[in-house]
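This briefing is for a reader who is new to the structure shown below. It covers the overall fold, the pockets and one backbone feature.

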Amino acid sequence: RQYFVTGRLSQDIFSDNCRFVDPTNDVTGLGRYVTALGLLFDPQLSRVALRSIAVTGPSTIEADYSAGGYLRATYFPWRPKVAP
């Protein structure tokens, strides 16, 4: 579903106070995370590839993925590309 580049994810499966950690972010709160995702990548020019996913604890899911594409021109007018 490419949620990492679109900001659209199945919100009903997450707690409102969930925590998302990746190499560049550590965000607590579902609303804050969805907002942050929607601001970063241009979804028409970006993609995510899921490499693996595992339930590693009673409230923890870990995923390995690669993301790449272009950042939104609204915030980055020089259109930087993020390599996967």
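Of the 84 residues of the protein, 29% count as buried, where buried means under 20% relative accessible area, exposed over 50% and partly exposed in between (1.4 Å probe, protein chains only). This is a predicted model, in which local features need pLDDT of at least 70, side-chain atom pairs count only at pLDDT 80 or more, and totals for chains, interfaces and linings use all residues. Residues are numbered from 1 along each chain as its sequence is written, and side-chain values use heavy atoms, with hydrogens and water left out.

**Overall fold**

- The protein has two helices and five strands; helices (H or I, at least four residues) and strands (E, at least two) are DSSP runs numbered from the N terminus.
- Along the sequence, the pattern is α-β-β-α-β-β-β.
- The radius of gyration, taken over C-alpha atoms, is 13 Å, close to the 12 Å that the globule rule gives for 84 residues, so the protein is as compact as a globular protein of that length. The globule rule is 2.2 Å times the number of residues to the power 0.38.
- The C-alpha trace spans about 40 × 25 × 20 Å along its principal axes.

**Largest pocket**

- The largest pocket holds about 990 Å³ of space. A pocket is an open set of points on a 1 Å grid over the protein atoms alone, where a 1.4 Å probe fits, with protein on both sides within 12 Å along at least five of seven lines; lining residues have an atom within 4 Å of a point. Grid points are joined across faces, edges and corners, and a volume is the space filled by probe spheres set on the points.
- Its lining has 25 residues, and Tyr3, Phe14, Phe20, Ile61 and Ala63 lie nearest the centre.
- Helix H1 (3-6) and strands E1 (19-22), E3 (47-57) and E4 (60-70) each give two or more residues to this lining, and E4 gives the largest share, five residues.
- The lining divides into 16 nonpolar, four polar and five charged residues. Ala, Val, Leu, Ile, Met, Phe, Trp, Tyr, Cys and Pro count as nonpolar, Asp, Glu, Lys and Arg as charged, and the others, Gly among them, as polar.

**Second largest pocket**

- The second largest pocket has a volume of about 190 Å³.
- Its lining residues include Phe4, Asp22, Leu40, Tyr65 and Val82.

**Backbone at Arg79**

- Arg79 lies in the loop between E4 and strand E5 (81-82).
- Arg79 is not a glycine, yet has a positive phi of about 55 degrees.
- Arg79 is partly exposed, with a relative accessible area of 28%.
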